[in-house]
Amino acid sequence: MVGVVGYIRVSTQGQVKEGYSLGEQLDEIEKFCTANGYNLIDTFSDEGKSGAKTDEDETKIDRDGLLNMLDRIKEGDIKYIVVLSTNRLWRSDMVKMIIHKELKKYKVDIKSIDVPTYSIYTSNPTNDSVICESVILFLSLFNCVVSSNVGFSDAGSSNAGWAEKTGRSRITYSVPCR
């Protein structure tokens, strides 16, 4: 049987009320492990801890449950960390990078219940920072193009009388097609 550990976290009381309580996360992890034939050796938790905060100067994380889990995987009998969602482990790229680095040292992967195909060892476009950065660059460029083509109009074809009704000019833009 494959040895796994679970990790659960809530950062706010709102998450408890919205169905993300520690108990509900644990129930889902236990069901997942049973359905997949995993031996859930232990579960680690952090309550009231942000998944985004880290000391970026020292690259350390202030979450006892997470740190205890990372210590536990050093024993070598854990193949996966099971989480309801990867956002239980991290909410920032810095924390994600630190966790990935530690898991790879011990050849441990993540099983995310909400994204069953997730792996730290394969490229995943939704998690690939190069692609994310490219999209951000594209959107910034698009915004510049739109901004350079902004004009003012007192009446638009779909909003006739806009200036009369509001007392303001309507901002319009056109993207040149080539």
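Q: Which residues do ring pairs link into a cluster with Phe32?

A: Rings of Phe, Tyr and Trp (its six-membered ring) pair if their centres lie within 6.5 Å; planes under 30 degrees apart count as stacked, over 60 as edge-to-face and the rest as tilted. Here, ring pairs join Phe32 with Tyr38 and Tyr80 in a cluster. This is a predicted model, where local features need pLDDT of at least 70 and side-chain atom pairs count only at pLDDT 80 or more, while totals for chains, interfaces and linings use all residues. Residues are numbered from 1 along each chain as its sequence is written, and side-chain values use heavy atoms, with hydrogens and water left out.

Q: How many aromatic pairs does the structure hold?

A: Three. Phe32 and Tyr38 make a tilted one, 6.0 Å centre to centre with 50 degrees between the planes.

Q: Is Phe32 buried or exposed?

A: Buried means under 20% relative accessible area, exposed over 50%, partly exposed in between (1.4 Å probe, protein chains only). Phe32 is buried at 16%, and Tyr38 is buried at 14%.

Q: What sits over the face of Tyr80?

A: A charge sits over a ring if NZ of Lys or CZ of Arg is within 6 Å of the ring centre and within 35 degrees of the ring normal. For Tyr80 it's Lys111, at 4.7 Å from the ring centre.

Q: In which sense do strands S3 and S4 pair?

A: Strands (E, at least two residues) and helices (H or I, at least four) are DSSP runs, numbered from the N terminus; two strands pair if DSSP finds at least two bridges between them. S3 (residues 80–83) and S4 pair in the parallel sense over four bridges, with Tyr80 opposite Asp109 in S4.
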